[in-house]
Amino acid sequence: MVVPFWIWLVVAGIVVSAYMTIRTNREEKEMELREAEQEGDIYIKRMEEEKEKRKQFHEA
């Protein structure tokens with residue numbers, strides 16, 4: 001059975017497309033995780049600053 005050349009090209013295109021999709025999804029998840037961690041750090045820093053302000057206010 002002989003398979004035409006263009007069918008091999010289509011199959012190769014599907015495989016490359018699947019690989020690129022998986023790779024892109026992984027990169028996006030990692031980027032979202034990093035952004036969430038940064039936002040969490042900012043939130044914690046603001047909470048600590050607010051705690052210090054309240055502590056200074058109650059001492060005064």
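**Entry 1**

I looked up arginine 23 and found it partly exposed, with a relative accessible area of 38%. For this reading I took buried as under 20% relative accessible area, exposed as over 50% and partly exposed as in between, with a 1.4 Å probe and protein chains only. The model is a predicted one, in which local features need pLDDT of at least 70 and side-chain atom pairs count only at pLDDT 80 or more, while totals for chains, interfaces and linings use all residues. Residues are numbered from 1 along each chain as its sequence is written, and side-chain values use heavy atoms, with hydrogens and water left out.

I then asked which residue forms a salt bridge with arginine 23. The partner is glutamate 27, with the closest N and O atoms 3.6 Å apart. I counted as a salt bridge a side-chain nitrogen of Lys or Arg within 4 Å of a carboxyl oxygen of Asp or Glu. Glutamate 27 is partly exposed as well, at a relative accessible area of 41%. I placed both residues in helix 1 (residues 5-59), four residues apart, or about one turn of the helix. Helices (H or I, at least four residues) and strands (E, at least two) are DSSP runs, numbered from the N terminus.

**Entry 2: the other pair**

I noted two salt bridges in the structure. Arginine 54 forms one with glutamate 50, and here the closest N and O atoms are 3.5 Å apart. These residues also stand four apart in helix 1, a separation of about one helical turn. Arginine 54 counts as exposed at 53% relative accessibility, whereas glutamate 50 counts as partly exposed at 35%.

**Entry 3: surface patches**

I recorded a patch of negative charge on the surface, gathered from Glu28, Glu32, Glu35 and Glu39. Patch members have over 30% relative accessible area and no salt bridge; like charges are joined within 9 Å, and nonpolar side chains (Val, Leu, Ile, Met, Phe, Trp, Tyr) within 5 Å. The place of a charge is taken as NZ of Lys, CZ of Arg, CG of Asp or CD of Glu. I checked glutamate 28, which lies in helix 1 and counts as partly exposed at 41% relative accessibility.

I also recorded a nonpolar surface patch with about 990 Å² of accessible area together; among its members are Met1, Trp6, Trp8 and Val15. Such areas come from the Shrake-Rupley method with a 1.4 Å probe, and for residues only the protein chains shown count as cover. Tryptophan 6 has its place in helix 1 and is exposed, with a relative accessible area of 57%.

**Entry 4: the chain as a whole**

I counted one helix and zero strands in the protein chain. Its radius of gyration is 26 Å, well over the 10 Å that the globule rule gives for 60 residues, so the chain is more spread out than a compact globule. The radius is taken over C-alpha atoms, and the rule is 2.2 Å times the number of residues to the power 0.38. Along the principal axes, the C-alpha atoms fill a box of roughly 90 × 10 × 5 Å. Between valine 2 and arginine 46, 44 residues apart along the chain, I read a C-alpha separation of 68 Å. Valine 2 is found in the segment before helix 1 and counts as exposed at 79% relative accessibility.

What share of the 60 residues is buried? I found 0%. The accessible surface comes to about 6,300 Å², of which 62% belongs to carbon and sulfur atoms.

Key:
Lys and Arg count as positive and Asp and Glu as negative; His and the chain ends are not counted.
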